[in-house]
Amino acid sequence: MATTHTAGPGIPAQPGPVPAGTIRYWAAAKAAAGTAEEPYAARTLAEALGAARVRHERSPEFARVLLRCSFLVDGAPVGTRDHSTVQLAEGGTVEVLPPFAGG
């Protein structure tokens, strides 16, 4: 279900509903988050990850793990793209993948 966007400090307000979906954590990211998945309400990957950092601010390991992770958005690799340019979709999925042993 989409929600209405309220701009934060330094974030311009954008009209219309904000997409809602699911963030899935794997391996060390799952351990640091303390959950396998949680919802997002964000327009971009940067917004979703920023909100996740705030939710898990009591776990300094969470922020450290995110720095090493790669991301898939609806099955597509994000790669080196700026997270603020990666648009999220209603009902979408963000996969948070820490480096795995062996490659």
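This is a predicted model: local features need pLDDT of at least 70, side-chain atom pairs count only at pLDDT 80 or more; totals for chains, interfaces and linings use all residues.

Reply: Let's start with a pair of alanines: Ala-20 has Ala-41 as its bridge partner in strand S4. That pair belongs to the antiparallel join between S3 and S4, which are linked by 5 bridges.

The whole sheet is open and has 5 strands in the order S4-S3-S7-S5-S6, with mixed pairing. S4 and strand S6 (76–77) are the edge strands; each has a single partner strand, so one side of each lacks a neighbour in the sheet. Strands of a sheet pair through backbone hydrogen bonds, in either the parallel or the antiparallel sense.

Now to S7, which takes in residues 93–97. On one flank, strand S3 (residues 20–25) pairs with S7 in the parallel sense, over 4 bridges. Within that pairing, Ile-23 has Val-94 of S7 as its bridge partner. Strand S5 (residues 70–73) is also joined to S7 by 4 bridges, but here the two run antiparallel. In this case Phe-71 is found opposite Val-96 of S7.

How many of the residues of strand S7 are buried? The count is 5 of the 5, so S7 is largely enclosed by the rest of the structure. The cover extends to both faces: Thr-93, Glu-95 and Leu-97 are buried on one side, and Val-94 and Val-96 are buried on the other.

Helix H2 comes next. Its buried residues are Leu-45, Ala-48, Leu-49 and Ala-52. These span an arc of only 95° around the axis, which places them on the same side of H2. There is a simple background to this: an α-helix has 3.6 residues a turn, so residues three or four places apart point the same way. The buried residues of H2 pack against S3, S4, S5 and S7, and against helix H3 (60–68) as well. S7 is therefore one of the elements that this buried side of H2 packs against.

One last stop is the loop that runs between strand S4 (37–41) and helix H2 (45–55), where Arg-43 is located. Arg-43 is buried, with a relative accessible area of 10%. In sequence, Arg-43 and Gln-87 are 44 residues apart, while their C-alpha atoms are 5.8 Å apart in space.

Definitions and conventions:
Residues are numbered from 1 along each chain as its sequence is written. Side-chain values use heavy atoms; hydrogens and water are left out. Buried means under 20% relative accessible area, exposed over 50%, partly exposed in between (1.4 Å probe, protein chains only). Two strands pair if DSSP finds at least two bridges between them. The arc is that of the directions from the helix axis to the C-beta atoms. Contact means heavy atoms within 4.5 Å.
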